[in-house]
Structures are given as C-alpha cells and as structure tokens.
Amino acid sequence: MWNYADWAALIAALVLAGFLIAGAFALTRPREEVLGHPKGLYMLFFAEMWERFSFYGMRALLTLYLVKHWLYSDGSANLIYGAYGSLVYITPVLGGWLADRYLGQRKAVLFGAILLTAGHFFMAFEGDGSGYQNDPTLNIFWLALAFIIVGSGFLKANISVLVGQLYPRTDVRRDGAYTIFYMGINLGAATGVLIAAYLGETVSWALGFGLAGIGMLLGLIVFIFGKALLRGNGEPPVPAKLKEKVAGVNLEWLLYGVGFAGVAVIWLLIQYQSLVGWLLLSSGIILLLYVLREAFKLDNEARDRVFAMIFFILLMPLFWGLFEQAGGSMNLFTDRFVDRGGIPTTFFQSLNPIIIILLAPLFAVLWQWLGRSGREPSTPAKMGLGIVQMGFAFVVLVWGANNFSISREIEGEMVVLLPVLFLFLFYLLSTTGELCLSPVGLSAMNRLSVKHMASLMMAAFFFGTAGGQYVAGFLGSLMGEGEGGNMTREAALEVYWTMGLVAVGVGFVVVLVSPLVKRLMHLDTLKDDSVDDDMLGQSELGAPDAAGVNTSGEVRT
C-alpha cells in the first residue's frame, strides 16, 4: 500500500520524465531555434536542472545524515552545515574569475561538473554506521563535500553566463530565456528533494546520495554532447594562452591542478568549522576595505552607488542566516517537533522551489504593474520588506507552536507537536521574502556597478551571502547547547522567536531609511553602459535563492 510520500515521489518522477521527453524533442529538431529560443538554452536548462537535482537532493539530507548516521550532536551538525554552505558561496568568486580571465565559461562548467559528479558519488560511501569517532570512512565524506564545494565554484558562477551569451545584449528575449532557465533550476531542486532525498531518508543514505550522483552525471553528459549548441560562446578569451607552458605544464592543466589543490584545502577547512568563521571575518574586512578604497577613486555619484551597494551587502548575512535555517535547524525541528502525518521530513525542503515556481511570475507582474502606476517600491524598500517577511515566518511559527500545538504519544512518550499548517506558512513567508530580496538585490548590483568594478561588487554580494550561510550554522548551533548537545523544543522556539523579532525590526528600519539609500543610487543619471550582463554576477540570476524573475522594471531612467 502506497502512502502520500510514495505518490508524491512517483508524480515528481513522471513530471521529470515529461520534461526530459520534451527536452529531447526540442534538442533533436532540425531548426536552430525552438519556441523562439536557440536550442542551446534548452541544453543549458537540462544541464543545470540535473545539477540542482543533485545539489538540493543532497542538501535536504545533509543535516539529518550528520545527526542520524554520523551521530554528530545537533549543534555540531548545524555548524558543519553552515560552514559547507558558506564555502559553496565563496568558491564561485574564484571560479568566475578563472573563467573570465583564462578558461572561458564552457571549460569551467565542464570541469565543475566533473568535480560535482565525483563529489556526489563519494557521498554514497556510508561506512559502517558506527559514528564519526569510530569510522575512517568519514574522510571520504569530507572529501565528497570538498569536491562538491569546489565543483559548485566552477559551475555555479558560469553556467548562467552562457545563457546570456546566446543572445545579443539588447535582445528582448533575454528575460524570457532566464525565466525558462530558472524554471529548470527549481524543477531540479523540487524533484531532487522529492525523489533523491526521499529515497535517502526512507530507504538508504547511499541510495539517495547515489541517485543525486547519477543526476549530476546525466547533466554532465548533456553538457558534453550539447557543446555545438552553444554556438561558440563561452570559449577561452585567449585560447593560445592556455597552451603556454608554466613550469613545463600547459596553463590549462595547471589551472585544473589549482582546482584539485582547492579540493585539498577545502577538505581541511570543512573539518575545522571555526577556521571557516575566522576566514570569512578576516577576508570580509579586507574585501570591504578594498571596495572602499576603490570607491574613493570614483566620481561622486559612482561612489554613492558603491555605498548603496555596501548597504545591500550588509543585509545579506541577516537574511540568509535566517533563511538557511530551513536546511539546518528547521530540518531537525521538523523531524522531531512537527505533526507531519507520515510525510518524510525532507519533503518539506521542496516547498521553497515549488512556491518560487508558482509565485515568481506573479511577483514579476506585480512589480511591472506597480511600476506603470508609479507605486513600485524602491530596491532598498523591497529588500526591507523581504527581511520583514522572513522575520514574520519565524514569528508565525512560534505563535502557532505556543497556541495550537497538540500532544501525541510516540514510542511510548508524549511529544508536543506543531500542526503542519504552520510549517507551510513558514516556508510561504520565507519564500515571498526571498522573492522580494534576492533577485532585486542582484539586479541592483548588476545595474549600479561601474564596469571595471562589476565582478568585484558581485563577489562582495555573494560574500555577504556566504556569511549568511555561516551565521545560519552558528544560530542553529545555539539550539543544540541543551541536553547533550541536542536541540530541545523550548530552546529552538526561544531562538526562533528572537530571530523573528530582530528581523522584523531590522526590516522596518531598512524600509524607513530606504529613501536615503535610494538617493545614493542616483537612478536618474544611471546610463545603460554601466550594465554588463555577462559579468560574474549575471550567473546567479538563475539560482533558486535568486529567483530569476524579470526585474526589468526595477530601474527606470
């Protein structure tokens, strides 16, 4: 007899199969374009869809895997999760720079996909289940995370750049192309959770992680065989340079060696999470000082825009520190203290991409409708509203837990459980907050940067996001200081309540000061030549945490 989870996994598999059939049809047509877009778009759609399938399937399992299989305490598991997430967002800075300067986007994506495939397959090595203190297989687990982190750095920063390169900069189809691409991303994220994570949680960890590896391998195959569909885009800026000898080795192979050396460095860092925190803090201060130094070389208006962008960057650790509780502490809270009605814990990780798919087009229409009537909120106001909604997500969750919880007997013990409705409301509010903040912030960074600082500022923006990932792990660890390092319901609700109130307060302050920040943006004098859609930052417009919606109405000159 099948339960709800079995049917949901089957439906997800059928939806995925339907898209694969449609994609095969599109890619095998004799025409250069399908439905008004080059076939290369659909190839990139499927390559990225499989990457997100593997990444989000593994993300939904990671915290549970650390606690239930490797027997880490809740606090330690959250710190590892936060360190992992922060490193995933730091490495794209290096991957994007190497692609822009030497490798080109195609070779960087290909190398990243190879590393990711290896990493996801290494995750399938479970060991004997005796815990992290007794099983040497733990070293393979650390190696798997290192491969995934570095592979994401090469792939994440570059694959969406290839989408933009398929179109002239003034091509009106660009927004539609990124919308199609972002649908593939969230389709992969949702189905990865509903299929790979479900099998990992209910059947075996190795099966879930292994299936994620198979998904990544399929994405790699699609990308290799679809090379011709890129129409020569994404190639090295100076191909001959890659053949130059450095210490007797071709520069290209030396760069790949740098990637593998990075795996070794990350293998060490991920095992000592406090090192990641100090690395983020020290390098963040250095990056901020460097940005300020460069800003004072600019004219007054360009300098003011840098100050506005710094303001946006400083909001990132707060928002993502709260948002990423979903994959960390909230995963554990859902597993133990929510009346799930037999639904697997990991299934709730699919709510975010599903809600994005449903609501992102509505947000795009909303911003354009408000823009035409002159009522569209400014960029900082939208971001403030996003933080307010993120805070309300926690406030509503705690309010529901304090007023509507029910008691059930589980394995002979009475447990107080939160009705699942409030978990749905949490994910709804956090996702609408994301839609107000992330794509809008990325759009602003693209538009406000002077050309020679574009990649630097986008790197700083992602650095703020990386800081948020580490903050998420640290905040999650605070809930694990109770009974033997494990989360208690009371400790979790207390921290969630504090998180929610702080976020709501900060969000309202951001809304209040938004007119001042908007003045620093100098939108009335912004010129088109300050926008570079092929820079490092453009890649992230397709990420699930940067919904990829049409924000063309955001700036009006």
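Student: What share of the 557 residues in the protein is made up of buried residues, and what does buried mean here?

Tutor: Buried residues make up 59% of the 557 residues, where the word buried stands for under 20% relative accessible area, exposed for over 50%, and partly exposed for what lies in between, with a 1.4 Å probe and protein chains only. The structure is a predicted model, in which local features need pLDDT of at least 70 and side-chain atom pairs count only at pLDDT 80 or more, while totals for chains, interfaces and linings use all residues. Residues are numbered from 1 along each chain as its sequence is written, and side-chain values use heavy atoms, with hydrogens and water left out.

Student: What makes Ile 356 buried or exposed?

Tutor: Ile 356 belongs to helix 14 (residues 351-372), and Ile 356 counts as buried because its relative accessibility is 0%.

Student: What makes a set of residues a nonpolar core, and which residues have the most contacts inside the largest one?

Tutor: A nonpolar core is a set of buried Ala, Val, Leu, Ile, Met, Phe, Trp, Tyr and Cys residues joined through side-chain atoms within 4.5 Å. The largest one here has 168 residues, and those with the most contacts inside it are Leu 44, Tyr 84, Phe 141, Phe 333 and Tyr 496. Helix 2 (residues 39-68) gives the most to this core, with 19 residues. Not counting residues up to four places away in sequence, Phe 333 touches Val 338, Leu 418, Met 487, Arg 489, Ala 492, Leu 493 and Tyr 496.

Student: Why is helix 2 called roughly antiparallel to helix 8?

Tutor: The axes of helix 2 and helix 8 (residues 205-225) come within 8 Å and cross at roughly 160°, which makes the two helices roughly antiparallel. The axes are lines fitted to C-alpha atoms, for helices over the stretch in contact, and the angles run from 0 to 180 degrees between N-to-C directions; under 35 degrees counts as roughly parallel, over 145 as roughly antiparallel, 65 to 115 as roughly perpendicular, and the rest as oblique.

Student: How are helix 15 and helix 18 related in direction?

Tutor: The axes of helix 15 (residues 379-404) and helix 18 come within 7 Å and cross at roughly 165°, and helix 15 and helix 18 are therefore roughly antiparallel to each other.

Student: What makes strand 5 (338-339) and strand 6 (406-410) the edge strands?

Tutor: Three strands form an open sheet of mixed pairing in the order 5-7-6, and strand 5 and strand 6 are its edges in that each pairs on one side only. Two strands pair if DSSP finds at least two bridges between them. Strand 6 is joined to strand 7 (residues 413-419) by five bridges and runs antiparallel to it, with Val 415 as the bridge partner of Arg 408. Strand 5 and strand 7 pair in the parallel sense over two bridges.

Student: Why is His 522 called buried?

Tutor: His 522, in the segment after helix 18 (489-521), has a relative accessible area of 18% and so counts as buried. Its phi is near 50°, again a positive value in a residue other than glycine.

Key. Helix = DSSP H or I, 4+ residues; strand = E, 2+ residues; numbered from the N terminus. Contact = heavy atoms within 4.5 Å.
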